[in-house]
Amino acid sequence: MPYPLIIYLHGSSHRGNDLNKLKGYGLPYVIDKGKEFNFIIASPQCPDGKFWSTENWFDSLYTELTTKYRIDKDRVYLTGISLGGQGTFVVGMDHSDKLAALVPLCGWISNGDIPRLCPSLKNIPIWTFHGTEDNVISISETERVVKTLEECKASIKFTRLENEGHSIQHLYENDEIYEWLLQWKRR
């Protein structure tokens, strides 16, 4: 039986070449604390000084995982926080043909990527979160992405976290995100 795959993209503070950094928060933190899941999780590490969108790391990771493990290619999901939220949007646009759904947390995209949103992500379910009191990445960044996707009738769900700041990684401790992701299959 093939398994769903969730690829988790960390924020900027976990860049480098020390995989133990990944256990600081997010999905790797939850796993390190003993939570078990019925899907495969991959948590790559972004090199220092780079963004998830700097180079194409996705194709080689996808090929390696789908070759070595029993991955359901129709149930591959992408999530990330902060820098990883930005990566979720951009990598999602670049590889929309391989992804079933996205969950970016406090993400953003550059102005140059705005025109690519609708043609790339119109048919991929997205549930995005952002704290209203985020002083690292303004909630207006997510609002801009959501507005663009709503205008082209994309499948976008936006949760504003009232009175929360940038540190919304606690959402990965809640099964609701995983239940939402796992309901989707690639179209």
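This is a predicted model: local features need pLDDT of at least 70, side-chain atom pairs count only at pLDDT 80 or more; totals for chains, interfaces and linings use all residues.
I started at Lys35, which is partly exposed at 29% relative accessibility.

Next I looked up the partner of Lys35. Lys35 makes a salt bridge with Asp175, with 2.9 Å between the closest N and O atoms. Asp175 sits in helix H6 and Lys35 in the loop between helix H1 and strand E2, so the bridge ties together parts 140 residues apart in sequence. Asp175 is partly exposed too, with a relative accessible area of 33%.

How many salt bridges does the whole structure have? My search gave eleven. I noted two others among them.

Lys98 pairs with Asp59, closest N and O atoms 3.4 Å apart. This one links the loop between helix H3 and strand E4 to helix H2, so parts 39 residues apart in sequence are tied together. Lys98 counts as buried at 18%, whereas Asp59 is partly exposed at 28%.

Asp94 in helix H3 reaches Arg116 in helix H4, and their closest N and O atoms are 2.8 Å apart. Asp94 is partly exposed at 41%, and Arg116 is partly exposed at 28%. Shared partners join Asp94, Asp113 and Arg116 into one network.

Then I went through the cysteines. I count one disulfide, Cys118 to Cys152, S to S 2.2 Å. The pair ties helix H4 to the loop between helix H5 and strand E6, so it spans parts 34 residues apart in sequence.

Cys46 is buried at 2%, and Cys106 is buried at 0%.

Technical notes. Residues are numbered from 1 along each chain as its sequence is written. Side-chain values use heavy atoms; hydrogens and water are left out. A disulfide is a pair of cysteine sulfur atoms within 2.5 Å. Helices (H or I, at least four residues) and strands (E, at least two) are DSSP runs, numbered from the N terminus. Buried means under 20% relative accessible area, exposed over 50%, partly exposed in between (1.4 Å probe, protein chains only). A salt bridge is a side-chain nitrogen of Lys or Arg within 4 Å of a carboxyl oxygen of Asp or Glu.
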